[in-house]
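Open the model in your viewer and keep the selection tool at hand. We will go from one side chain out to the whole chain.

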Amino acid sequence: MKISELFNKNKTVFSLEIFPPKKTSSVDTIYDTLDQLKDIHPDFVSVTYGAGGSIVNNLTCEIASIIKNKYGIEAVAHLTCVNCTKEDVDSILDQLKQNNIENILALRGDINPEYTPKKDFKHASDLAGYISKKGGFNISGACYPECHVEAPSPEEDILNLKKKVEAGVSSLTTQLFFDNNVFYNFMENVRKAGISVPVEAGIMPVTNKKQIERMVSMCGASLPSKFVKMIQKYDGNQEALRDAGIAYAVDQIVDLISNGAEGIHLYTMNNPLVACRISEAIKNLL
Ligand code: FAD
């Protein structure tokens, strides 16, 4: 099923994101994660893709295939283009087709100084346009309520987002944010710009201080004082911080659903316990 069909059904779409196991762990570890996540009955699960090129990324397709063909849950394969040629993308699309995967999250990927970017695709919109022309896939894209770090201004970032939608993207998922007002302001500007596709709100439950520091340095999410106080209070008590992080994420999600968010995308960080507790708390609200 194409995930665009999930929206507008009088139900908030609820999806999960996982990443392939690190090189040092066996791919089998993903089964433990999926065994627990399947009981949540998400509308779909998306699988991330590294920005290092196609060779290191076969696992994305393999795991998306397990989700779709073994667990019977709709799967979205992320695909970053910064280090891909058209031939690389063609080969990945073939692989996805062979595995019955119909949904792709088309991304540029972060520019890694270790790799010289390939020239075929400069932006995610180029990849979305390329896949759209080839046909057969539903394409989604990423968006940034606090503006992408490289964009000259929030206004230009939204104009660029519009190009991505015009290139064939049928729904969007946001970068994580901890302040719902940031999302509501962003949505107002997105709709004003004439972008009408559904937007899922990306929520990351915070479970440890290091994770927050890493995330904030990567994506520049702003931290509301309520959130900072929570971290300060429970820093050093891992279980308490995890419980507080879950409560914070649930609070965000309840507010988002009450305010009409079309979808919630949970960055699970491959932590089924946290994802299951959040899902249990919100299952009657979706
Ligand atoms: P783009 O849409 O290309 O945007 C990048 C920059 O270029 C922005 O500043 C934008 O304003 C500008 N721009 C865009 N289009 C144009 C245009 N046509 N003309 C001029 N300027 C333009 N990274 C991974 O490596 N693997 C993943 O699996 C992954 N999954 C993600 C999932 C989500 C939901 C999100 C929000 C991010 C994810 N990322 C992932 C991170 C993402 O790759 C980075 O944020 C990257 O820096 C930008 O990717 P993009 O697809 O948004 O790029």
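Select Phe 183. In this predicted model, Phe 183 has a relative accessible area of 4%. The cut-off for buried is under 20%, so Phe 183 is buried.

Is Tyr 184 buried or partly exposed? Its relative accessibility is 22%, so Tyr 184 counts as partly exposed.

Show both rings. The ring centres of Phe 183 and Tyr 184 lie 5.9 Å apart. Their planes meet at 65 degrees. Planes over 60 degrees apart count as edge-to-face, so this pair is edge-to-face.

Ring pairs join Phe 177, Phe 183 and Tyr 184 into a cluster. Across the model, the count of aromatic pairs is five.

Zoom out and switch to cartoon. The protein chain shows 10 helices and eight strands. Its radius of gyration is 18 Å, close to the 19 Å from the globule rule for 286 residues, so the chain is as compact as a globular protein of that length. The C-alpha trace spans about 50 × 45 × 45 Å along its principal axes.

Colour by burial next. Of the 286 residues, 52% are buried. Then turn to contacts with a separation of 6 or more: residues 24 or more positions apart account for 81% of them.

Select the charged side chains: 30 are positive and 35 negative. The centres of the two sets lie 1 Å apart.

Definitions and conventions
Residues are numbered from 1 along each chain as its sequence is written. This is a predicted model: local features need pLDDT of at least 70, side-chain atom pairs count only at pLDDT 80 or more; totals for chains, interfaces and linings use all residues. Side-chain values use heavy atoms; hydrogens and water are left out. Helices (H or I, at least four residues) and strands (E, at least two) are DSSP runs, numbered from the N terminus. The radius of gyration is taken over C-alpha atoms; the globule rule is 2.2 Å times the number of residues to the power 0.38. Buried means under 20% relative accessible area, exposed over 50%, partly exposed in between (1.4 Å probe, protein chains only). Contact means heavy atoms within 4.5 Å. Lys and Arg count as positive and Asp and Glu as negative; His and the chain ends are not counted. The place of a charge is taken as NZ of Lys, CZ of Arg, CG of Asp or CD of Glu. Rings of Phe, Tyr and Trp (its six-membered ring) pair if their centres lie within 6.5 Å; planes under 30 degrees apart count as stacked, over 60 as edge-to-face and the rest as tilted.
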